[in-house]
Amino acid sequence: MLNTATPSGSRGGSTQRGARGPRRGGPTRGGISKRSGPRGVKTDKDGDLDMDAPVRQTPYSRGGSALSSRGDARGGRLTRGSGSGGIRSGTTRSQTRGPGLVEITVLGWQESQGKRDSVIDFLERKTNVRIKKSRTQGDALIISVPFLQVGEVVKWDGCRYSGSTLSINAQNVPKITSKGDEDVIMAANPRPSEKSDTIKVLEQVLAQRYDVATKMLDLSKLGEDTTLRQNGFFDLASTTSKMFPALMLVADRKFDSAAEKRDAVVSVTLGYNNLKDTKIVSSLAATFPDLKNLSLEGNVIPSWASLDNWRHKFRKLEQLVLSGNPIVTEDGYKEEAMRRYPMLQMLDNVVIDRPVIKIGSAQAIPPRNTPTPAHTSSYGSRKSQLPLSVKPGFTLDDSGVGMQFLSSFFTMYDNNRDELLATFYDETSRFSVSANTMAPRTHQVGVSIPPKPWEPYIQTSRNMTRTYGASLIYKLFIGKQKIRDAWQSLPRPKHDVSDSKLWVYDIWPVQGLPDVNNPSNLEGVGGLIATVHGEYEEVAEGGKVPLKRSFDRTFTLAPGRGAMNLRVVNDMMVVRAWGGSDAWALELPSSVAPANEEESVKQAKIAELRRRTGLNAAYAELCMVETGWNWDGAYAAFERAKAGNMLPPEAFI
């Protein structure tokens with residue numbers, strides 16, 4: 001364990017590091033200095049935070065429209081005092097400074113079969129801190145370093161060494177500060193005040209912006225923060241650029257160990273700060289190096305080079321949001337994100353499908369500036385070759401309720417909405433529509449795009465990246481009448497339900513939905529979620545060629561009181577520019593050998609029949625065999641068998 005007293009003389013097994021020759025790595029300074037000046041931040045005279053940035057909604061926000069209201073809304077969520085985790089409000093712990101050496105415990109090094117001197121050399125190279133003494137105590141390696149350099153060592157807690165993970169801690173050592181840290185904090189506020197007053201203000205800002213439930217620190221729209229403005233942090237351009245490093249110093253002091261900090265802050269958002277690069281906020285990587293979720297939405301970052309201050313940082317990042325920045329239009333944008341952040345799972349709220357890379361295989365991710373192989377689709381657009389094959393839709397709908405609903409919904413939606421509302425909706429049903437104006441689009445031959453093609457949808461659109469405040473409430477339509485009014489405000493659609501190639505859908509069961517037939521049933525009832533992707537035409541007048549739209553619609557279905565005993569709990573619709581249906585078209589691999597081509601065609605037919613009918617693999621193949629592998633004949637045979645109740649329940653998935 002840790003001994004915070006200054007060692008005097010040698011102990012059993014102690015080694016004086018002074019005898020090991022010259023120090024490696026030059027002067028004592030880490031790759032990211034946590035205690036020397038403003039954390040290596042280089043800023044221009046005006047800084048990068050735009051104090052007049054328009055109010056916009058962050059992807060993590062919950063409906064507030066201005067930062068000035070966050071104090072009342074969030075302040076009560078934080079626990080005060082020690083032992084509660086998270087960013088605690090209250091007085092910062094005493095900052096004790098003193099001479100001498102402090103012992104740090106290193107565990108996990110023996111699992112690598114390495115020797116003590118090799119581990120010490122590794123730590124000195126990583127930290128640029130000279131280890132003065134060392135000894136072993138059971139499985140622990142005890143190293144001694146100068147008091148003021150403990151922070152540079154313990155921040156490498158969790159690093160990898162020869163295939164093993166090192167645990168490095170000095171949890172009983174008070175938080176260490178330096179004169180440079182004090183200067184950074186004082187320089188952030190242009191108004192004469194005590195250092196303790198500046199720290200209290202920054203602590204208040206952190207407390208208001210930290211959500212203990214989601215472990216998220218919301219640093220978006222800092223230029224509009226009422227607390228910071230009222231206390232003069234933005235009075236001078238010269239202090240604007242110093243505010244963020246000071247804020248990070250105060251945040252860092254709130255944690256006793258790297259593990260506590262790693263557990264308390266999982267997500268950070270820096271959205272809508274008018275950042276053109278990350279110089280002014282580079283200290284975030286030193287303070288929270290183990291973030292899993294990071295949002296930079298709505299800034300003006302032009303390229304990956306603008307993020308080079310964070311190069312080789314945030315190696316555990318799983319979700320990154322850069323939407324609303326010019327960088328998203330760069331060639332190889334997604335590939336570079338995957339390369340920089342090896343653990344990334346979601347980019348701009350879209351799941352990343354990483355290809356399986358086999359040892360010895362060709363490089364799966366094309367290098368930057370290398371064109372991705374593409375071909376021209378039947379719609380005239382260029383479609384990228386995907387690393388993973390397109391999968392057919394799936395249904396887990398044993399009773400066929402979901403299929404019955406979808407087979408009638410869109411025809412009724414086009415032709416008889418009153419009947420549709422009476423059949424499937426009630427006064428608790430919810431509907432919302434979102435206009436996604438940034439989705440990829442395909443050219444429509446002979447169609448004249450109007451000057452403002454999205455205007456009919458904007459008034460009702462609940463797009464979370466563009467809607468905030470009261471709009472989030474009144475653009476959620478609840479009950480039959482409000483849903484009817486919302487539908488009538490949208491352009492009149494016409495869905496082509498005769499062509500199955502234009503559609504793809506998934507259906508699966510869900511539990512815990514409200515039971516309208518028995519409100520006392522607190523456990524809820526089972527239901528279905530059905531997602532549909534397709535297209536429709538906006539009904540045109542005067543003989544004009546109709547404008548096509550692509551859409552995604554998600555239904556939550558539960559038992560109801562209507563004629564079909566089914567009700568729509570939630571109906572969410574996303575409207576996009578028309579992109580065709582090639583995205584879900586099943587393709588045969590181009591590398592299939594001629595000998596296997598016939599079998600591949602058969603498997604594709606089985607997959608398509610399963611997608612359209614819900615049959616399991618065995619019955620779908622049987623149906624194809626009995627009709628001589630004629631797809632139209634197989635589907636007709638299925639319809640006849642279904643109409644005659646000739647299919648047993650086990651025939652379906």
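**Exercise 1. Describe the open sheet of seven strands and find its edge strands.**

Solution. The strands of this open sheet, seven in number, follow the order 8-9-10-11-12-13-14 with mixed pairing, where strands are DSSP runs (E, at least two residues) numbered from the N terminus, and two strands pair if DSSP finds at least two bridges between them. Strand 8 (210-211) and strand 14 (350-351) each pair on one side only, which makes them the edge strands. Within the sheet, strand 11 (residues 293-295) and strand 12 (residues 319-321) run parallel and are joined by three bridges, with Ser295 standing opposite Val321 in strand 12.

The model is predicted, so local features need pLDDT of at least 70 and side-chain atom pairs count only at pLDDT 80 or more, whereas totals for chains, interfaces and linings use all residues. Residues are numbered from 1 along each chain as its sequence is written, and side-chain values use heavy atoms, with hydrogens and water left out.

**Exercise 2. Determine how helix 11 and helix 12 are oriented to each other.**

Solution. Begin with the axes, which are lines fitted to C-alpha atoms over the stretch in contact, with angles from 0 to 180 degrees between N-to-C directions: those of helix 11 (residues 401-415) and helix 12 (residues 417-424) come within 7 Å and cross at roughly 140°. Angles under 35 degrees count as roughly parallel, over 145 as roughly antiparallel, 65 to 115 as roughly perpendicular and the rest as oblique, and the two helices are therefore oblique to each other. Next, list the contacts (heavy atoms within 4.5 Å): Phe405, Ser408, Phe409, Met412, Tyr413 and Asn415 in helix 11 meet Arg417, Glu419, Leu420, Thr423 and Phe424 in helix 12.

**Exercise 3. Classify the ring pair formed by Phe409 and Tyr413.**

Solution. Rings of Phe, Tyr and Trp (its six-membered ring) pair if their centres lie within 6.5 Å, and planes under 30 degrees apart count as stacked, over 60 as edge-to-face and the rest as tilted; by this rule the count comes to 22 aromatic pairs. The centres of the Phe409 and Tyr413 rings are 5.8 Å apart and their planes lie at 15°, so this pair is stacked. Because Phe409 and Tyr413 are four residues apart in helix 11, about one helical turn separates them.
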